[in-house]
Amino acid sequence: MTMRKVAVVGAGMTRFVRRALETPKELAWQASRMALESCELTLEDVEAVCLGTAPDSFDGIHMNGEYLSDGAGAWRKPYMRSYVGGGTGVFVPIQGWYHVASGLFDIVLVVAEEKMSSYYPHAQAAFITIFDHTTERPLKPNLLWIFALEMNRYMTMYGISKADIARVSVQHKRNAAHHPCALLGDANITVEDVLNSEVLAWPVQRYDVSPVSDGAVAVVLAAEHVAKRLTDKPVWIEGVGWNLDTAHWTNRDLVYPRYVEYAARMAYEMAGIREPKKEIHIAEPYDPFDYKALHHLEGLQLAERGQAPQLYIDGTAALDGNMPVCPSGGLLGVGNPIAAAGLMKIAELFWQLRGEAGGRQVPGQPRRGIAQAWGDLMQVGTVVIMGR
Amino acid sequence: MNERVAIIGVGWSGYRPVSPELSYKEMTYAAAVKAYADAGVDPRKDIQSFVTVAEDFHEGTSIFDEYTPDQLGAALKPMHTITGDGLHGLATAFMMVKTGQFDIVALEGHSKASNILTLPEVNAYAQDPVLNRPLRLNTHFVAGMEMNRFLFETGTTIEQCAAVVQKNRRNALRNPKAAFGADLTLEEILSGPALSWPLGKRDMAEQADGAVVMVLVSESVARQLSDKPVWILGIGWCNDSPSLESRDWGVLPYIQKAAQMAYRQAGFRNPQGIVDFAEIDDTYSYKELQSLEALGFCQPGEAGVLTDDGATDIEGDLPVNASGGSLGMGHLLDATGLVRALEVVLQLRGEAGLYQLEDVNIGLAQSWRGVPTTSGAVAVLAN
């Protein structure tokens with residue numbers, strides 16, 4: 001029995017901004033409309049809708065998925081919202097994939113929306129409620145400092161310098177200068193700028209972190225027979241993987257994301273990939289912090305443990321390198337409206353593999369790319385492999 | 001399309017109005033252990049993926065999916081959460097098996113409603129923040145408006161709605177899992193306190209705590225592991241307009257469409273004479289009647305008459321909520337649809353005990369996500 005092949009046939013995204021004037025519904029609708037127009041479909045053609053959005057506390061709406069349903073184009077359609085925290089952006093296309101691969105639907109609209117600015121004055125405060133109510137919340141933990149713990153562990157274990165990690169931020173923000181939707185693209189940023197930025201929670205400095213943002217992204221998925229009718233350039237979902245580790249994050253060795261490795265291995269097996277370093281041409285690892293891109297490249301088996309900074313030092317990760325990393329500009333450059341940022345990476349692979357990425361197009365007609373997101377309490381990895 | 005999908009293991013804990021000595025994790029663990037033993041599977045070795053249904057605001061935790069894996073034996077496994085009803089979770093696990101990529105998938109839903117001190121306020125936060133929230137609409141007020149419109153459009157009476165309460169709470173007396181069994185007269189139901197006219201307090205299901213876990217497998221695995229698989233013949237789900245201003249109030253187009261989707265997969269158009277019994281939404285008494293009509297078991301306006309005539313009793317032609325439904329068992333938040341599906345499974349396996357129906361082969365489960373949503377799902381199961 002062969003599995004049904006599923007293709008991405010269209011994509012659209014709003015600009016990522018610090019404070020959008022649009023309501024969450026309007027953001028979702030703008031991205032949905034652009035995605036449908038990109039493949040000349042209308043809502044009539046859409047058989048089901050999958051939605052991704054991170055915690056309800058940002059929009060301050062209980063059952064936020066229900067609220068967003070008509071904005072996402074789900075009026076009188078089968079509609080579901082999936083959820084794996086920060087990993088949601090790369091999970092929601094996986095949800096779309098199983099909708100189509102199951103044989104139940106031929107055309108599915110996948111939408112990710114996030115409006116973090118509704119949480120006033122700053123979305124960071126919403127994150128207090130992600131921690132265990134008994135053991136952790138009384139300590140008033142902050143995401144910046146738990147990731148500072150992880151970054152510190154990573155640097156200490158392998159003897160990696162702040163300057164080498166800062167290269168990630170520099171390269172991603174430079175790539176984003178070519179992205180029309182980017183919030184923090186900067187063609188001239190340097191390692192010194194990163195190292196001189198404000199310290200938030202040592203070793204995390206302001207330019208090591210992606211910005212709080214608003215935005216939405218949508219893609220259209222289609223079954224093989226429909227995709228071939230719709231476009232000459234379908235981009236196939238070749239493999240998907242996801243993995244959720246225990247909630248007891250304090251028991252985890254934070255130096256290595258095993259859950260990302262397991263998710264990646266699941267996707268590689270499905271895609272028939274044995275040597276990821278050779279067979280993956282573009283990588284879009286999740287980069288809410290600069291060290292996270294390195295961490296995730298190791299989890300994805302695209303670098304040896306502790307060796308990921310080398311990809312940035314020797315130019316492998318550059319836009320014209322052997323394996324460009326985050327040609328989109330990533331979360332560090334384009335912005336981080338949580339679920340939308342993950343789906344932005346899927347949209348980026350779609351445009352890159354079709355040769356439609358404009359000023360940030362990777363040369364050499366890349367054939368296959370990988371996108372990954374991560375979330376929860378340093379706990380979940382979601383991976384999609386796309387190829388043409 | 002690939003192989004058929006079967007439910008081969010079920011487990012539950014609860015259902016009780018309060019459970020102060022247990023956490024949701026302990027209740028989930030108890031349900032999971034039962035379900036895995038029932039299916040004969042080991043979560044660490046055999047189960048390939050896990051699905052949970054949960055909503056952050058019900059749990060009082062943002063990004064609640066963080067806390068889902070441990071009590072299910074799902075750490076370091078592919079697991080995700082659907083912010084939907086239990087039947088949405090069932091549809092998700094069903095699709096995953098259908099892809100051919102997974103043979104054994106576990107599904108979990110739970111309610112710890114007794115932990116929520118401000119459930120009416122939490123529910124009100126589901127309304128549109130710009131257009132509706134400033135009006136400070138209470139959830140039951142919205143339900144009262146819907147009930148009024150339903151009665152107006154169909155000629156259904158308040159007494160017929162009360163008959164649903166009477167039936168379901170009497171059925172619950174036979175069900176040891178049900179916390180709200182009672183033998184009430186129509187007079188007692190109708191003379192209860194008002195919520196939002198015509199909706200009375202006794203038209204509303206009270207909350208309960210509990211957890212349900214199921215194991216879904218592909219056909220080939222079902223043949224190996226189980227001698228009493230329950231097959232999912234069809235499953236459908238649908239949303240209508242989330243806005244209070246632009247929806248139909250008397251009828252349920254989303255239940256109609258979800259039912260049509262499920263029936264299409266199951267290979268029939270009209271459930272009458274095919275579906276032997278149903279476990280459906282009765283969050284409020286009138287919802288059972290409104291849903292029966294949307295599901296196509298009768299014409300608009302007929303469901304109340306059928307109830308009066310006893311057709312939906314345990315001994316009737318189409319037993320509805322023989323378990324007691326949410327009115328008799330308690331409403332379990334996001335797990336409610338899963339409780340309905342579990343009751344269908346138990347009936348089809350002949351394990352329903354004192355409320356076992358005779359000669360049943362095809363059962364239907366249906367759910368609604370509550371005010372202010374227009375989100376529902378329908379599953380058709382067979383033994």
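The following legends describe close-up views of a predicted model.

**View 1. Domain assignment of chain B.** The domain assignment divides chain B into domain 1, covering 5-118 + 208-230, and domain 2, covering 137-205 + 233-382. Between the C-alpha centres of domain 1 of chain B and domain 2 of chain B the separation is 23 Å.

**View 2. The side of domain 1 of chain B that touches domain 2 of chain B.** Contacts link 28 residues of domain 1 of chain B with 26 residues of domain 2 of chain B. On the domain 1 side, at least two residues each are supplied by β1 (5-16), α3 (86-98), β4 (104-112) and β7 (209-218) of chain B. Of these, α3(B) gives the most, with 7 residues. This side of domain 1 of chain B comprises 16 nonpolar, 8 polar and 4 charged residues.

**View 3. The side of chain B that touches chain A.** Here 55 residues of chain B are in contact with 52 residues of chain A. Two or more residues come from each of α2 (56-59), β3 (79-82), α3, α4 (119-124), β8 (230-239) and α9 (253-266) of chain B. The largest share, 5 residues, belongs to α3(B). By class, the side of chain B that touches chain A holds 24 nonpolar, 20 polar and 11 charged residues.

**View 4. Strand pairing between chain A and chain B.** Strand β3 of chain A (residues 79-83) and β3(B) run antiparallel and are joined by 2 bridges. Within this pairing, Ile82(B) of β3(B) has Ser82(A) opposite.

Technical notes: Residues numbered from 1 in each chain as written. Chains lettered and ligands numbered in written order. Predicted model: local features only at pLDDT ≥ 70, side-chain atom pairs only at ≥ 80, totals over all residues. Domains from an automatic or database assignment. Contact = placed C-beta atoms within 7 Å. Helix = DSSP H or I, 4+ residues; strand = E, 2+ residues; numbered from the N terminus. Nonpolar A, V, L, I, M, F, W, Y, C, P; charged D, E, K, R; others polar. Pairing = 2+ DSSP bridges.
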